[in-house]
Amino acid sequence: MTIRDILIKYMEELKEISDTPRLDTEIILQKVLGDVDRIYIHLNLNKELNKEQYEMFLNLISERINGRPIAYIVGNREFMGLDFFVKEGVLIPRPDTEPLVEEIIELCKDKEVNIVDIGTGSGAITVSLAKYIEKSRVISLDISDIPLEVGKINAINNGVDDKIVFKKSDLFSAIENTETKFDVIVSNPPYIPKRDIETLHTQVKDYEPYNALEGGEDGLDFYRNITKQSVRYIKENGILAYEVGHDQAEDVKQIMEANGYTNIYTKKDIQGIDRVVIGYKL
């Protein structure tokens, strides 16, 4: 089959499982053809796949049709202009998180800052901050082994492993004896209410790690715990920054206020949703 034939056939088959059927098909073709760019796909629509390439394509596209996320299939995802290795066991980086990272970069770009990231995941937040804030040092904490492993790989791949320390930790437990106070504490914690997990898309609830999704009965457990504990570790005028769920900004602001944070504000994502909450510990 030619690239054109494959696009026509499998875009149709992916429509029920994916919001981006053409893009998904193109990404798999890129992988099969040797990690070529998308321009190559567009300029070679009449190219026929050989037998080995076509069999590989069929194996990968069948995984996508069955609901496996495209990022896990091809093993990477772009975030903040950087390439991140991903695999099962880490949350896939999403554009929704970029406004959080962009705001911290803007606030800290000309400063020397010590940062704690609670919840390493793929390392998307950790690595991006280390990459784009020149005078930064980051401690990245996660309770699970796979995110720490993946985060280290992504730090090395993006040339910032010398600026990051990864630690296995239940929230702040791994640094509870430190004398250091931090300029920035940032987190994209699990925030989906327990009752809503089953309503998530198959490719999320059946493939992405449950402990990176579920945030307790109302989705706010981690915000309460992180905010309460953070006051011990944050500098005067330090920044606490969160990504929040689509209807959680006001609740998280109240949690932060109750723990002594002031000058709290929100930032919207590309859909116009209050996705970032930031406050200062004065």
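1. A quick definition before we start: a salt bridge is a side-chain nitrogen of Lys or Arg within 4 Å of a carboxyl oxygen of Asp or Glu. Keep that cut-off in mind while looking at Arg64 and Asp24, whose closest N and O atoms are 2.9 Å apart, so they form a salt bridge. Arg64 sits in helix α4 (residues 51–65) and Asp24 in helix α2, so this pair ties together parts of the chain that are 40 residues apart in sequence. Arg64 and Asp24 are both buried. One caution for everything below: you're looking at a predicted model.

2. Now the overall picture. The chain has 11 helices and nine strands. Its radius of gyration is 20 Å, close to the 19 Å that the globule rule gives for 282 residues, so the chain is as compact as a globular protein of that length. If you draw a box along the principal axes, the C-alpha atoms fill roughly 65 × 40 × 30 Å.

3. How much of the chain is tucked away? Of the 282 residues, 51% count as buried. The accessible surface comes to about 13700 Å², and carbon and sulfur atoms account for 47% of that. As for who touches whom, take the contacts between residues at least 6 apart in sequence: 64% of them join residues at least 24 apart.

4. Next, the charges. The chain carries 35 positive and 50 negative ones, and the mean positions of the two sets are 2 Å apart. In general, side chains of opposite charge can pair when their charged atoms come close. The structure holds 21 salt bridges, and a few of them deserve a visit.

5. Start with Glu26 and Arg22, which form a salt bridge with their closest N and O atoms 2.7 Å apart. Both lie in helix α2 (residues 21–32), four residues apart, or about one turn of the helix. Are the two partners buried or exposed? Glu26 has 0% relative accessibility, so it counts as buried, while Arg22, at 35%, counts as partly exposed.

6. Another one to click on is the pair Asp269 and Arg275, whose side chains meet in a salt bridge at 3.1 Å, N to O. Asp269 and Arg275 are both buried. Salt bridges that share partners also join Arg22, Glu26 and Arg38 into one network, so you'll meet the pair from point 5 again there.

7. Asp117, in strand β3 (residues 113–118), is buried yet has no salt bridge. Which side chain of opposite charge is nearest to Asp117? That would be Lys163, 14 Å away. A salt bridge needs the atoms within 4 Å. Leaving aside neighbours within four places in sequence, Asp117 is in contact with Ile125, Thr126, Ile139, Ser140, Leu141, Val186 and Ser187.

8. Last, two backbone angles to check. Most residues other than glycine have a negative phi. Leu171 has a positive one, near 55°. You'll find Leu171 in the loop between β5 (164–168) and β6 (182–187). With 11% relative accessibility, under the 20% cut-off, Leu171 counts as buried.

9. The other angle belongs to Asn237, with a positive phi near 70°. Asn237 is placed in strand β7 (residues 234–243). Its relative accessibility is 47%, so Asn237 counts as partly exposed.

Methods: Residues are numbered from 1 along each chain as its sequence is written. This is a predicted model: local features need pLDDT of at least 70, side-chain atom pairs count only at pLDDT 80 or more; totals for chains, interfaces and linings use all residues. Side-chain values use heavy atoms; hydrogens and water are left out. Helices (H or I, at least four residues) and strands (E, at least two) are DSSP runs, numbered from the N terminus. The radius of gyration is taken over C-alpha atoms; the globule rule is 2.2 Å times the number of residues to the power 0.38. Buried means under 20% relative accessible area, exposed over 50%, partly exposed in between (1.4 Å probe, protein chains only). Contact means heavy atoms within 4.5 Å. Accessible areas come from the Shrake-Rupley method with a 1.4 Å probe; for residues, only the protein chains shown count as cover. Lys and Arg count as positive and Asp and Glu as negative; His and the chain ends are not counted. The place of a charge is taken as NZ of Lys, CZ of Arg, CG of Asp or CD of Glu.
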